[in-house]
Amino acid sequence: MEALLNFAQPLDSELLDRCINAVYTGTPADRDQAQRVLTQLQERINSEDASAALNWFRVDLLLEQGSNVHTKFYALQILDACIKYRWRTLPREQCDGIKNFIVNLVIRLSSDEALLRGNKLFISKLNLILVQVIKQEWPHNWPSFISDVVNASKANETLCENNMAILKILSEEVFDFSKDEMTSAKAKRLKESFNQDFQLIYQLCDFIMDRSEKPSLLAVTLQTLLRFLNWIPLGYIFETGLVKRLVFKFLPVPQFRNDTLACLTEIAGLDIGQAYNTHFDELFTIVTAQLAEALPPDVNFAQAFESGSEEDARFIQNLALFYTTFLRPHLHIAEKSAMTQPKLLETALLTLIGVSKVDDMEIFKICLEFWHHLASDLYTAECGIVPPASGQALMLAPPPLLGGQAQNTSSRRQLYASVLTQVRGVLISRMAKPEEVLIIEDENGEIIREPMKDSDA
């Protein structure tokens, strides 16, 4: 195994295979030796001149001609480190060669359905490597990257599916994880490039959602779209047919409803002032109406969560997330809609009450935070708050009087009265049971508390 560390000799790929196999199947002594050699080999490669080290290690031959899966992943690990930390030290022709090799390999493996499914983990790692190359090369050395992806995607649905996965990873790298991964100047440049070319990406998403009937492609497109929604220009969301397509085409389909609800939740959480209030009103109206059609009026969410599939459980959680995310910043919009369509807000709140009964702590916390927000908002609006003087406690002013009588219940309290009655019942039923104790006198004459056994256990 030590011969692998001799850079004066060509790399022995068969010896490398045996060394890597020893890590997984060898004796403890062989495993320790193999791991030490592989670690030293990686350190040697990282410490040598990057160009010369890659010319010696020949990642391309190991990936294309090798048959050992573990060796291929080891080679990708070497290549990943070089791209991340030493790309700028490589000659331009070698950078172009690596880029073209990775691109061609990804295209070859992801253009065939059988190869894509059979090499899923390997292709996922290749996608990550390609994204690292894109971050180094785009836009200055690869200005046509987005147009290349879009044009290739329209020619092959299987390739398109993998390309959407690449765009999803790239969006996450640039907009979600860039703070710790790249300089602020580089992150800003990539974000600007994404925004400039997003029209092409949106056209591709629209093309797929309109024409494709391949479930796996539509699913990954919705998942990719979800990563875009928190940064794309608002016009693509509210001034196109995107929202209606999500609600009317994909939300009713069980296979897509979770990804669709996640997208709609991301949109619902946008707090962008009053300019788009009419669009949020329409969003609340059509989503609630669509869900009312899809869900039985007497649906038992707790039972469905307990006995249903994992997808059913996710759907119930996504329902809670959508309504709580929408109503917290946009409650006034829903209340305004209730003046003409009172059933909409009632349906949404009754759905949340049903979901609050689900025996899952995370879901209950989501609902509980909203009920607390609603109650606090109503209490603040209904009661006059007297600002405390320095050093004094907060005092509540008495309600204003009308003709010597307490003012009639406000329209907001009437709107929520029946709902809040049901909420109280749910919250009381979910309260933690207090500890049962007896107060007794022990043999020393001291009064102590003696815990009782849980009678329900």
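Me: What makes Arg 86 a buried residue with no salt bridge?

Reply: Arg 86 is buried, and buried means under 20% relative accessible area, with exposed over 50% and partly exposed in between (1.4 Å probe, protein chains only). A salt bridge needs a side-chain nitrogen of Lys or Arg within 4 Å of a carboxyl oxygen of Asp or Glu. The nearest side chain of opposite charge to Arg 86 is Asp 49, at 5.9 Å, so no salt bridge is assigned. Lys and Arg count as positive, Asp and Glu as negative, with His and the chain ends not counted.

This is a predicted model, in which local features need pLDDT of at least 70 and side-chain atom pairs pLDDT 80 or more, while totals for chains, interfaces and linings use all residues. Numbering runs from 1 along each chain as its sequence is written, and side-chain values use heavy atoms, without hydrogens or water.

Me: Which residues is Arg 86 in contact with, leaving aside its neighbours within four places in sequence?

Reply: Contact means heavy atoms within 4.5 Å. Among the contacts of Arg 86 are Ile 45, Glu 48, Asp 49 and Ala 81. Arg 86 itself is found in helix H5, a helix being a DSSP run of H or I of at least four residues, numbered from the N terminus.

Me: Why do Lys 84 and Asp 80 form a salt bridge?

Reply: Their closest N and O atoms are 3.7 Å apart, so the pair passes the 4 Å limit. Both residues lie in H5, 4 residues apart, about one turn of the helix.

Me: Is Asp 80 buried or exposed?

Reply: Asp 80 has 13% relative accessibility, so it counts as buried. Lys 84, at 34%, is partly exposed.

Me: What makes Arg 36 and Glu 2 a salt bridge?

Reply: The closest N and O atoms are 2.9 Å apart, so the distance is within 4 Å. The pair links distant parts of the chain, with Arg 36 in helix H2 and Glu 2 in the segment before H1, 34 residues apart. Arg 36 has 38% relative accessibility and is therefore partly exposed; Glu 2, also at 38%, is partly exposed.

Me: How do you know that the buried residues of H1 line one face?

Reply: The buried residues of H1 are Leu 15, Leu 16, Cys 19, Ile 20, Ala 22 and Val 23. Down the helix axis they fall within an arc of 145°, taken from the directions from the axis to the C-beta atoms, so they line one face. The face turned away from the buried side carries the exposed residues Glu 14, Tyr 24 and Thr 25.

Key:
Helices (H or I, at least four residues) and strands (E, at least two) are DSSP runs, numbered from the N terminus.
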